[in-house]
Amino acid sequence: MSIKVYINGKFYPKEEAKISVFDHGFLYGDGVFEGIRAYDGRVFRLKQHIDRLYSGARAIMLNIPLSKDEMKEVVLETLRQNELKDAYIRLVVSRGIGDLGLDPRKCHEPTIVCIADKIVLYPEKMYEEGLEIITAATRRNVPEGVNPQMKSLNYLNNIMAKIEANQAGVMEAVMLNTQDYVAECTGDNIFIVKDGVLITPPTYAGILIGVTRNAIIELAQKNNIKVEEKLFTRYELYAADECFLTGTAAEVIPVVKVDGRVIGDGRPGPVTKLLLKAFKELVKVDGEEIYPSR
Ligand code: PMP
């Protein structure tokens, strides 16, 4: 069965789901998006995703013509139309169709797209053995420019870092900010564990405040693990006892090597394993029901 894609109020078969070449999302990367996940009939923390989408839209003065509740319903209905209970969902709001100039005032109606498809899982081996990553030469976007807190359609910064990872033959790259502190990976937040304390870069390091990151901080606190949001350097990353990445697609993925340096004993550590397990439990209960039983 071909998937059905939501575009501005209607569902289209995948092959017919098309938008204009004059859409400023395409011409200029002018828009915002979300990557969301559904687990066994529940959309994990949908409210946080929708709030982040609307905050980004507000920052770029993009007026979304739907209420947040209506937008939630777009996501849920896309899942129902596709009869999906476990899925990866891509929600995109672009400035819409304009002319060839970049002036957003020429765009009169935002384009809203929602795609839900089967989730492509990373190989189980990656979670058991952990990833090798590199530090990218590409620095994270400065917050004074396109603020990384905004999930904008402008992902070239991340894509350049990803190319560096590809060139180095590893799966991920971590980006530093312009002050040489660790920021985040191309599509994931980063955590380290040192002497039993869980440490992750703060917002002002220049990061996207990940929905998974928030969940992991809460789960750590519930499990009496001390959490610190503070700046750390690449040196501190090399010297960490454990390291892992978090993101909607990757969930919680251990890192065992950075720039050739073995992290800890080269195996996913106990705190990483505990949080990964707790996260898997959390997603079973914490989410908006696709088919409300009420
Ligand atoms: N940082 C970046 C740059 C991302 O693209 C993502 C994935 N959306 C994340 C962090 C993780 O965020 P989340 O946990 O909300 O998926």
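Predicted model: local features only at pLDDT ≥ 70, side-chain atom pairs only at ≥ 80, totals over all residues.
The domain assignment divides the chain into domain 1, residues 4-117, and domain 2, residues 124-283. Between the C-alpha centres of domain 1 and domain 2 the distance is 26 Å. To the contact between them, domain 1 contributes 20 residues and domain 2 contributes ten residues. On the side of domain 1 that touches domain 2, the elements supplying two or more residues are strand S3 (31-39), helix H2 and strand S5 (87-94). Of these, S3 provides the largest share, with eight residues. By class, this side of domain 1 consists of seven nonpolar, eight polar and five charged residues.

Helix H2, which is among the elements on the side of domain 1 that touches domain 2, spans residues 46-59 and packs with helix H3, residues 68-81. The angle between H2 and H3 is about 120°, and their axes are 10 Å apart. H2 is therefore oblique to H3, the range for roughly perpendicular pairs being 65 to 115 degrees and that for roughly antiparallel pairs lying over 145. The crossing of the two helices is right-handed. On H2, the contact is formed by Leu46, Ile50 and Tyr54; on H3, the contributing residues are Lys68, Met71, Lys72 and Val75. Classified by residue type, the contact of H2 with H3 comprises five nonpolar and two charged residues, with no polar residues.

Terms used:
Residues numbered from 1 in each chain as written. Axes fitted to C-alpha atoms, helices over the stretch in contact; angles between N-to-C directions. Helix = DSSP H or I, 4+ residues; strand = E, 2+ residues; numbered from the N terminus. Parallel < 35°, antiparallel > 145°, perpendicular 65-115°, else oblique. Left-handed = near helix turned anticlockwise from the far one by under 90°. Contact = placed C-beta atoms within 7 Å. Nonpolar A, V, L, I, M, F, W, Y, C, P; charged D, E, K, R; others polar. Domains from an automatic or database assignment.
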